[in-house]
Amino acid sequence: MTRILPFLLVAFLFSCQEPESPKNCAVANPVEDMPWLKESIKTSIDMNLTEYFYLVQGTYKGATVFTFLNCCPFCRFIPQILDCEGNVITNASITDVTNQKVILRPAESVCT
């Protein structure tokens, strides 16, 4: 019994840890492979917003994030930073996001 006790203790310790939120979305193509992101893009297209929007992927506190940005000259817009599950990260600013790269810019977009 004393030989098994250390193994049970280790198993117990690891089973009590809370799961971490994913830092890397672990998909090859987020635009196609993440259902919530694909639906958000479709909604933007359906609302005829393709002229002014684009999608950026970056890193915030070591985690992959996404932000829909726009270059609309007459719109008031505050970008929301979204995690891999589509949750809004509060108290984050687009200036806090590093390694930004555009992963989607519709052909009709006038944004550069």
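Is cysteine 71 buried, exposed or partly exposed, and what is its relative accessible area? Cysteine 71 is partly exposed, at a relative accessible area of 31%. Buried, for this talk, is under 20% relative accessible area, exposed is over 50%, and partly exposed is in between, with a 1.4 Å probe and protein chains only.

Some ground rules. This is a predicted model, where local features need pLDDT of at least 70, side-chain atom pairs count only at pLDDT 80 or more, and totals for chains, interfaces and linings use all residues. Residues are numbered from 1 along each chain as its sequence is written, and side-chain values use heavy atoms, with hydrogens and water left out.

The fold, then. The protein chain has 3 helices and 4 strands. Along the sequence they run α-α-α-β-β-β-β. Helices are DSSP runs of H or I with at least four residues, strands are runs of E with at least two, and both are numbered from the N terminus. Of the 112 residues, 29% are buried.

Now the disulfides. There are 3 in the whole structure. The criterion is a pair of cysteine sulfur atoms within 2.5 Å. Number the bonded cysteines in sequence order and the pairing reads 1-5, 2-6, 3-4.

Start with cysteine 25 and cysteine 84, with S to S at 1.9 Å. This link is left-handed, with -90° about the S-S bond. Cysteine 25 sits in the loop between α1 (5-15) and α2 (30-33), and cysteine 84 in the loop between β3 (81-82) and β4 (98-104), so the pair ties together parts 59 residues apart in sequence. Both cysteine 25 and cysteine 84 are buried.

Next, back to cysteine 71. Its partner is cysteine 111, with the sulfur atoms 2.1 Å apart. Cysteine 71 is in the loop between β2 and β3, cysteine 111 in the segment after β4, 40 residues apart. The torsion about the S-S bond of cysteine 71 and cysteine 111 is about -90°, so this disulfide is left-handed. Cysteine 111 counts as buried, at 6% relative accessibility.

That leaves cysteine 72 and cysteine 75, with S to S at 2.0 Å. Here the link is right-handed, with 60° about the S-S bond. Cysteine 72 is buried at 11%, while cysteine 75 is partly exposed at 39%.

Last item: surface. The accessible surface of the protein chain is about 8200 Å², and 57% of that belongs to carbon and sulfur atoms. Those areas come from the Shrake-Rupley method with a 1.4 Å probe; for residues, only the protein chains shown count as cover.
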